[in-house]
Amino acid sequence: KPGEHKHSKEPSSLPCMHLAVVACGDRLEETLIMLKSAVLFSNRRLCFHIFAEDSLKPEFEKKLKEWPSSYTKKFEYNTYPITFSVGNAQEWKKLFKPCAAQRLFLPVILKDVDSLLYVDTDVLFLRPIDDIWHILKEFNSTQLAAMAPEHEIPKIGWYSRFARHPYYGTTGVNSGVMLMNLTRIRNTQFKNSMIPSGLTWEEMLYPLYQKYKNYITWGDQDLLNIIFYFNPECLYVFPCQWNYRPDHCMYGSNCKGAEEEGVSILHGNRGVYHDDKQPTFKALYEVIRDFPFEDNLFQSLYYPLQSKFLDTVHTLCGRIPQVFLKQIEKTMKKVYENRVIVYLGANHRY
């Protein structure tokens, strides 16, 4: 009956969920596949903020216009040039991967955006963004950002073994998936190791980089770890299934949340979508890349994925296919059920 099922409130009537990504160099395709995965499964309208080199901007516009209208009506997007409001732009650009440091400046640039999900280009959503967006409501009064741990096990974690700078918690945090309340970030005075009084986010960035630049390996992620080391009360830590990387299965399965609930967000760092070191990750990337938008999700996405996974069982990550399939299967069932409800109309039973 009308209004009885959970999604009775029209998703398009709700404020949009803001998603930011920074794309430079050869990351055009990867970014488009990430955006595609976001649009395929999400319920509420999406607002994409794409920070890209000038040469990529027309490419994004051309490719996004080619998507069918049934999907393009689910999102709006803006493209932005790469800019750094403080310090030396060339230094920021060279920090770790090209343009990666741009993410540090999102609170400063997107002044009219209240909350935002930032993701790296090599991320794939296996369930609706709506589900991670709900985590914003779980923040307590001091929390203003959320990230997942860099590792689950300190003895094989990078920060706990090698870091020469302060980092958050026992294993550090990974910045590839970062949920942020930008309003809180802009309004907070952050404790730091440079002056006794607090500094705003923008005031802190360049002096922090100057102080630690000879000690950091992972660029902007290390700077975020330093910030949250001094301000631990500001960080909400979400479980590893929201930022699932090859490290979680290549040394044996060590993400309990993914074993129980399945992978929610896949993060194919180390270039694993493009080589043969982790065929399970590559299979997911290729199946989402090749999925024809208007096709049946089970027939053209889920079943090809299952058959590709059969070829990966000889690898450590491939031995646990249910971890990769659980959420995506659940999500597709929901998408299918919602379409059936709409198709059958309010007066039909099924």
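# Notebook: cysteines, a sheet and a few helices

The model I'm looking at is predicted, so local features need pLDDT of at least 70 and side-chain atom pairs count only at pLDDT 80 or more, while totals for chains, interfaces and linings use all residues. Residues are numbered from 1 along each chain as its sequence is written, and side-chain values use heavy atoms, with hydrogens and water left out.

**Entry 1: the disulfides**

How many disulfides does the structure hold? I found four (a disulfide is a pair of cysteine sulfur atoms within 2.5 Å).

A disulfide joins Cys 240 to Cys 255, with 2.1 Å from S to S. The torsion about their S-S bond is about 100°, so this link is right-handed. Cys 240 and Cys 255 both lie in the loop between strand E8 (235–237) and helix H11 (256–261), so the pair ties together parts 15 residues apart in sequence. My helices (H or I, at least four residues) and strands (E, at least two) are DSSP runs, numbered from the N terminus.

Next I checked Cys 16 and Cys 47, which are joined at 2.0 Å from S to S. Their link is left-handed, with -105° about the S-S bond. Cys 16 sits in the segment before strand E1 (17–23) and Cys 47 in strand E2 (residues 46–52), so the bond ties together parts that are 31 residues apart in sequence. Both Cys 16 and Cys 47 are buried.

Then came Cys 24 and Cys 99, with their sulfur atoms 2.1 Å apart. The torsion here is about -100°, so this disulfide is left-handed. It links distant parts of the chain, 75 residues apart: Cys 24 is in the loop between E1 and H1, and Cys 99 is in the loop between helix H4 (89–94) and helix H5 (106–109). Cys 24 counts as buried because its relative accessibility is 6%. Cys 99 is buried too, with a relative accessible area of 4%.

I numbered the bonded cysteines in sequence order and got the pairing 1-3, 2-4, 5-7, 6-8.

**Entry 2: the sheet**

In what order do the seven strands of the open sheet run? I read E3-E2-E1-E4-E7-E6-E8, with mixed pairing (two strands pair if DSSP finds at least two bridges between them). Strand E3 (75–80) and E8 stand at the edges with a single partner strand each, so one side of each has no neighbour in the sheet.

I zoomed in on strand E4 (residues 115–119) and strand E7 (residues 173–181), which run antiparallel and are joined by five bridges. Leu 116 has Met 180 in E7 as its bridge partner.

Helix H1 (residues 28–41) has 14 residues, and 13 of them are buried.

Methods: Buried means under 20% relative accessible area, exposed over 50%, partly exposed in between (1.4 Å probe, protein chains only).
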